Amino acid sequence: MSPLAVVEKDRRGPSAYDVEAVRRDFPILSRMVHGKPLVYLDNAATTQKPQCVIDAVSRYYREENSNIHRGVHYLSEVATEAYEAARIKVQRFLNAPLFCEIIYVRGATEAINLVVSSYGRTHVGAGDEVIISAIEHHSNIVPWQMLCEEKGARLRVIPVNDRGELMLEEYEKLFNPRTKFVSLVHVSNALGTVNPVKEMIDTAHRHGAPVLVDGAQAAPHLPVDVQELDCDFYVFSGHKVYGPTGVGALYGKASLLKDMPPYMGGGDMIRSVSFEKTTYNDLPHRFEAGTPNIAGGIGLGAAIDYVTALGPERIAAHEHDLLVYGTERLSEIPGLRLIGTAREKAGVLSFTLEGIHPHDIGTILDREGIAVRTGHHCAMPVMERFGVPATARASLGLYNTRQEIDALVAGLHRVIRVFS
Ligand code: C6P
């Protein structure tokens, strides 16, 4: 299952990043859209899948399909083994100490809702406070807001400066004895800002507050080490790390998870059930009610193998080079305003063009075969902070090239011509 890119890497030496070989691992990248070669720059929404992931999912359905944790028959054992092996891959990917600290979920959204519903409901009460930041995705705002409404608690928000960096001196001031939890995005999907989460976690811990890190946009682009961060919870989505949709992971410290009540009730999460009393299963199964996305978990394992073989550091270096190049090239375009100019940034180029609605930018680029996202990116408070209703967003992945940035720039010149 060695990806072509890794074979190329071995031939060319450990430091070479052969993006053309990487691209050959992704069948969709060779297709045409509206008669033009696809230029896929919507990786923050979801990433494309390498052949090894497609093969892993299809092999499961072709050769191993069975329910897990239930059967004594051969297929059930094979499927259980593959699914649990993928959990260990997630554990290593995040450098989590224990496999039972990895809970399979549908994605980052479900992981955050699990923590809010289970940990939040039992630890946040009337008059307590939860800290989030001004640059969160809606999935790290709304669940906390719902909890605060239910409990009569208060949501505090770390402000952001004009570059899109969180104001750390203001963050420190938000803590008080009522602070019960901090929930922070690692990398902003709308701005690309990489938050100094390690430092921010240390601050929260000094004040006795546990921290959840939303790694939906970090796990695909940066090496993540939950032990080094010392975060209490870390969440990400499989479909943004080149894996299938409908699967993701929650990491939680066992010391916290073991005392948290179940999130959902049903099969697999119990030890015994009677009408008088139910006792619950051990971690991680206690949080995994019902038949899970088995093919998704196995596919996620294959995606992690792929990303690990390429090397998260090398992926980050490649994407950083593209980000620097893209920032320079976009800055040359008249009337273009980059939204999000943090000093620490991942591969997100969010922008507006003077006098042209972002939706029109996206529609014209699409006719050129270029896929970008336009809108509020599920981060409406970010749009409000920067005084725009929406942006166009080109977001980078491990297979993008400088030529694709050039295609984007040419496409934007075309957009300007159409509107001039
Ligand atoms: N952002 C984007 O286009 P789900 O939908 O559960 O896989 O991920 C939610 C999520 C949580 N946090 C961050 C920082 C995110 O960026 C996302 C998803 C996509 O930006 C879809 S809205």
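Analyst: The model shown is predicted. A first point of entry is strand β14 (residues 348–353), which is joined by four bridges to strand β17 (residues 391–395), the two running antiparallel.

User: Which residue of β17 does Val348 stand opposite?

Analyst: Strands β14 and β17 are antiparallel and share four bridges. Within this pairing, the residue of β17 opposite Val348 is Ser395.

User: What is the order of the strands in the open sheet of four strands, and which are the edge strands?

Analyst: The pairing in this sheet is antiparallel, and the order is β13-β14-β17-β16. An edge strand pairs on one side only, and this applies to β13 (336–338) and β16 (373–375). Neighbouring strands are turned against each other by 30° on average, direction ignored. The order asked for is therefore β13-β14-β17-β16, and the edge strands are β13 and β16.

User: What angle does helix α15 make with β14, and what angle does helix α12 make with β14?

Analyst: Helix α12 (residues 312–331) lies across β13 and β14, and its angle to β14 is about 10°. Helix α15 (residues 402–419) also packs on the sheet, where it touches β13, β14 and β17. The angle between the directions of α15 and β14 is about 15°, and that of α12 to β14 is about 10°.

User: Which residue of β8 stands opposite Val185?

Analyst: Strands β7 and β8 run parallel and are joined by four bridges. The residue of β8 opposite Val185 is Asp214.

User: Is strand β10 covered on one face or on both faces?

Analyst: In a regular strand the side chains alternate between the two faces of the sheet. On one side of β10 lie Gly248, Leu250 and Gly252, and on the other Ala249 and Tyr251, and these are all buried. Counted along strand β10 (residues 248–252), five of its five residues are buried. The covered faces of β10 are both.

User: Which residues of β10 are the bridge partners of Ile102 and Val235?

Analyst: Strand β10 is joined to β4 by four bridges, running antiparallel. It also pairs with β9 in the antiparallel sense, over five bridges. For Ile102 the partner in β10 is Tyr251, and for Val235 the partner is Leu250.

User: Why does Ser237 count as buried?

Analyst: Ser237 is found in strand β9 (residues 233–237). Leaving aside residues up to four places away in sequence, it touches Gly107, Ala108, Val247 and Gly248. Buried means under 20% relative accessible area. Ser237 counts as buried because its relative accessibility is 5%.

User: How are helices α5 and α6 oriented: roughly parallel or roughly antiparallel?

Analyst: The axes of α5 (residues 108–123) and α6 (residues 142–151) come within 9 Å and cross at roughly 25°. Angles under 35 degrees count as roughly parallel. The crossing is right-handed. The angle therefore makes α5 and α6 roughly parallel.

User: Which residues of α5 and α6 make the contact, and how many of them are charged?

Analyst: From α5 come Ile112, Asn113, Val116, Gly120 and Arg121, and from α6 come Pro143, Trp144, Leu147, Glu150 and Lys151. By class, the contact has five nonpolar and two polar residues. The number of charged residues is three.

Note on methods
Residues are numbered from 1 along each chain as its sequence is written. This is a predicted model: local features need pLDDT of at least 70, side-chain atom pairs count only at pLDDT 80 or more; totals for chains, interfaces and linings use all residues. Side-chain values use heavy atoms; hydrogens and water are left out. Axes are lines fitted to C-alpha atoms, for helices over the stretch in contact, and angles run from 0 to 180 degrees between N-to-C directions. Angles under 35 degrees count as roughly parallel, over 145 as roughly antiparallel, 65 to 115 as roughly perpendicular and the rest as oblique. A crossing is left-handed if the near helix is turned anticlockwise from the far one by less than a right angle, and right-handed if clockwise. Contact means heavy atoms within 4.5 Å. Ala, Val, Leu, Ile, Met, Phe, Trp, Tyr, Cys and Pro count as nonpolar, Asp, Glu, Lys and Arg as charged, and the others, Gly among them, as polar. Buried means under 20% relative accessible area, exposed over 50%, partly exposed in between (1.4 Å probe, protein chains only).
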